Amino acid sequence: MTETRTTEDKLTRDEMAQLVARDIPAGAFVNLGIGQPTNVSNFLTAQQGVTLHTENGMLGMGPVARGEDIDEDLINAGKIPVTELPGAAYFHHADSFAMMRGGHLDVCVLGAFQISEDGDLANWHTGAEGAIPAVGGAMDLAIGAKATWVMMSLFTKTGESKLVKTLSYPVTGLGCVSRIYTEVAVFELRDSKVFVRSVHGISFDELQAKVPVELTWA
C-alpha cells in the first residue's frame with residue numbers, strides 16, 4: 001500500500017477512492033459495489049489495465065457517465081449510468097454470478113454497515129423498515145473474490161464505530177474482509193489482528209479510544 005501514513009485532515013470520498021484505485025494491482029479483474037466504491041472507477045488509469053466487472057452482466061466498465069455520455073440502457077448494478085471501454089463485453093446474469101462464485105475476480109470493493117475484527121462482513125440489512133429485503137450478490141462477491149476490501153465511513157451518524165468485535169447485523173460473509181478504507185484510517189486485517197496502515201485527521205490513540213477492538217500500528 002502506498003498511502004501517506006498520517007495527514008492532518010480526514011480523507012474526502014474522492015481521496016478514499018484514489019487510495020483504493022492506486023492499490024488495485026495492475027491487470028486485475030475487479031467488482032465495485034454499490035455506494036462509495038462506485039467512485040473508484042473514476043480514478044483508475046489506463047496504465048493499470050484493470051477490468052471492471054458488474055454483476056448485472058458487463059466486463060470492461062469505464063468511469064461513471066456524465067452529461068452526453070449517459071446512456072440509460074448502460075448502468076451498473078447500482079443503477080448508475082456508466083461508460084464502456086474498448087473491448088467491453090456483455091453476458092447473461094447467470095454467467096456473471098458464475099464469474100463471482102468461481103473465484104475469477106481478483107478484488108471486490110464493497111460498502112459496509114459493520115465489520116468485525118475477524119473480517120466478518122455485514123453490508124445488506126440493518127433491520128430498518130424499507131431496507132433492501134435480500135442480500136443479493138453481496139455474499140457471492142464477498143466470498144468469491146480473491147480479496148475483499150471495504151470502503152466506508154468508520155462511524156455511524158451517532159458516532160458508533162462500524163469496526164466492532166462481533167457483528168450485530170445480519171452476516172454477509174465470514175472472515176472475508178482483508179482491508180478497510182475509511183475517512184480517518186486505513187486498516188488491514190490479517191493473522192486475527194487489526195493493523196492500522198494510516199491515520200487521517202486523528203491520532204492513533206484517539207482512534208483506539210473510539211474503536212472497540214485492539215489496534216496495532218503497522
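In which sense do strands β2 and β3 pair, and over how many bridges? I looked this up first.

**Basis.** I worked on a predicted model, in which local features need pLDDT of at least 70, side-chain atom pairs count only at pLDDT 80 or more, and totals for chains, interfaces and linings use all residues. Residues are numbered from 1 along each chain as its sequence is written, and side-chain values use heavy atoms, with hydrogens and water left out.

**Strand pairing.** I took strands (E, at least two residues) and helices (H or I, at least four residues) as DSSP runs, numbered from the N terminus. I called two strands paired if DSSP finds at least two bridges between them. Strand β2 (residues 29–32) pairs with β3 (residues 51–54) in the parallel sense, over three bridges. Here I found Phe-29 opposite Thr-51. β2 also pairs in the parallel sense with β6 (residues 107–110), again over three bridges, and Val-30 has Val-107 as its bridge partner there.

I then followed β3 to β4. The two run antiparallel and are joined by two bridges, with Met-58 as the bridge partner of Thr-54. They form a hairpin with three residues between them, and Gly-57 in the turn has a positive phi of about 110°. Four bridges join β4 to β5 (residues 82–90), also antiparallel, and Met-61 stands opposite Glu-84.

**Burial.** I used relative accessible area: buried is under 20%, exposed over 50%, partly exposed in between (1.4 Å probe, protein chains only). In β4 (residues 58–64), six of the seven residues are buried. Gln-36 lies in the loop between β2 and β3; Gln-36 counts as buried because its relative accessibility is 15%. I listed its contacts (heavy atoms within 4.5 Å), leaving out residues up to four places away in sequence: Arg-13, Met-16, Met-151, Met-152 and Ser-153.

**Aromatic rings.** I paired rings of Phe, Tyr and Trp (its six-membered ring) with centres within 6.5 Å; planes under 30 degrees apart are stacked, over 60 edge-to-face, the rest tilted. The count is three pairs. Why is the pair of Trp-149 and Tyr-181 tilted? The ring centres are 5.8 Å apart and the planes stand at 50°, so the pair is tilted. Trp-149 is in β9 and Tyr-181 in β11, 32 residues apart. I found Trp-149 buried at 5% relative accessibility and Tyr-181 buried at 1%. Phe-204 and Trp-217 also have centres 5.8 Å apart, but their planes are at 85°, so this pair is edge-to-face.
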